[in-house]
Amino acid sequence: MRIAVVGGGPGGLFLAALVRQADPSAEVTVFERNRADDAFGFGVVFSDRTLAGIHDADPVLREGLDADGRHWEDIEVRLKGERIRCGGNGMAAISRRTLLALLQERARDLGANLRFETEVGLDDLDGYDLVVAADGASSRIRDTFAERLEPSVETATAKFIWFGTDYMFDGLTFVHERGPHGVFAVHGYPISADVSTFIVETDEATWRAAGLDAFDVTQPPGPSDLATMAYLEELFAEQIDGHRLLVNNSRWGNFRTRRTRHWYVTEPRPVVLLGDAAHTAHFSVGSGTKMAMEDAIALSDALAKHAADLPAALAAYEAAARPSVEAIQNAARPSLGWWEHFGEYHDAFEPWQFAYHFLSRSITDARLARRAPDFVHVSHDQWQARYGAEPLDTPLDLGSWQLPSRVMLIEHDGTVAVGGAGEPLPLRDSAPDAPEPWGARIAAPDDESGLDAVYAGLAERATADPLLIAVHGGTAYTRALLTERARLRHGLPALLVDETLDRDRAVTAVLSGRTDLVGASAATVSSWEVTA
């Protein structure tokens, strides 16, 4: 079999090595438009939990991490002069340049043909049995088959820029600073003995207020935004002990989450997508490099198992790789969303709750406790020190209403919430004419495209000063965004209504500050007591 791999990033190189390892008779050629030693960006990070499959497929990454990488167990969150650590988060990182060199050497040793500074299109690849599009998020090959592959893209509102620094972080560190123009955040982690990755995020309003929108990002890759570098070096000078920032094609962008309904075509010739060409996930939860390398494992396995039937091999590849990718993308959405709103969280929460809110953005209290029991124990202690009870058992003063806990019982018709004392609280879909205490019901949308309209409705209802805002319907993510909006933007108590809520998720929602109250039926709440 003759295979052309378009794109010499980690996914394409790893695939070339794995295919040659499994079938030395296969002819594999990797075409890369850049030079062999070009590497845009700084580091690549992997969690311990995701490395096993890659290590089993080929030892090259493990050996590279052992020799040149950095490993850590703790995540550190820095906010308002405090540094909060959360253990149980084993991760490893390596310089992207080092990783590429190792993968290039491995592919060559196994007999793959690597051709750098060579840009090719489909018309240049006649005679190959299979074309693998590993040409990144802006894949031209994917776009050639757009009508059949059905790619889609969602653009985040947050701005980000990728630097390095000669300051050495101990491990994955999240630094948050309010400057004269707004709040900026850093994802920092060590990638070698003398360099750390330094990714900065902020919202667009802050970015523009700081005058960081002057650099022309339409320039070809290469030049970096030196004005932004100088601004951020000054803003974060104390956090990085006056060290320098390092540039490498460093320029602002908005993260784009890419999905593709179909990953391959068989006519007029077999073409398959791999890595960022097929999918992306925000860097705060998953490494694009990790997913691309896992794609390479799945594709090489499928080609080996279905050597005589290429269409069957491509179908098997997509069936094997897609579930993991979709799980990562689903987890990435609330994580990416957190970075779109972190400035509001920075101002609203104490450091301990900010850290808990951040670290529970994609997992629950119980799962976090299994990973980092000390961190979760301290978070519960902080709540108890302030309120004198565990989260769900904490009373809430609504002025004319005194609720004995943070759990409300919702009647079957969904229109009345009943407190622990059994007294009914009216919930209306629109503001009543009379100025009596009331609760406003807001239906969350089924997807994020409907949020702006619901936000506008929330703002209108908030002017009537309701006793609380009860949010129901929609998805877990849109409900959480609405309850947070009610609490943090409008200063109103929020009730999260969810019949599918279990006790673990209820605790997480209240302790994190995503809502003040949770509501479900009496039967659902009774089941919490049985399983607690």
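Predicted model: local features only at pLDDT ≥ 70, side-chain atom pairs only at ≥ 80, totals over all residues.
Local features require pLDDT of at least 70 and side-chain atom pairs pLDDT 80 or more, whereas totals for chains, interfaces and linings use all residues. Residues are numbered from 1 along each chain as its sequence is written, and side-chain values use heavy atoms, with hydrogens and water left out. Helices (H or I, at least four residues) and strands (E, at least two) are DSSP runs, numbered from the N terminus.

**Helix α2**

In helix α2 (residues 48-57), the buried residues are Leu-51, Ile-54 and His-55. These residues lie on the same side of α2, because they cover an arc of only 100 degrees around the axis; the arc is that of the directions from the helix axis to the C-beta atoms. Arg-49 and Asp-56, on the other side of α2, are exposed. Buried denotes under 20% relative accessible area and exposed over 50%, with partly exposed in between (1.4 Å probe, protein chains only). The elements that cover the buried residues of α2 include α1 (10-22), β3 (43-47), α3 (60-68), β7 (91-95) and α9 (288-305), where contact means heavy atoms within 4.5 Å.

**Strand β26**

From strand β26 (residues 517-520), Leu-517 and Gly-519 point one way and Val-518 and Ala-520 the other way; all are buried. Two strands pair if DSSP finds at least two bridges between them. The pairings of β26 include the following.

| Strand | Sense and bridges to β26 | Residue and its partner in β26 |
|---|---|---|
| β25 (residues 494-497) | parallel, three bridges | Leu-495 with Leu-517 |

From β25 the chain crosses through helix α16 (residues 503-511) to β26 in a right-handed β-α-β crossover. Right-handed means that, with the strands pointing away from the viewer, the path from the first strand over the helix to the second runs clockwise.
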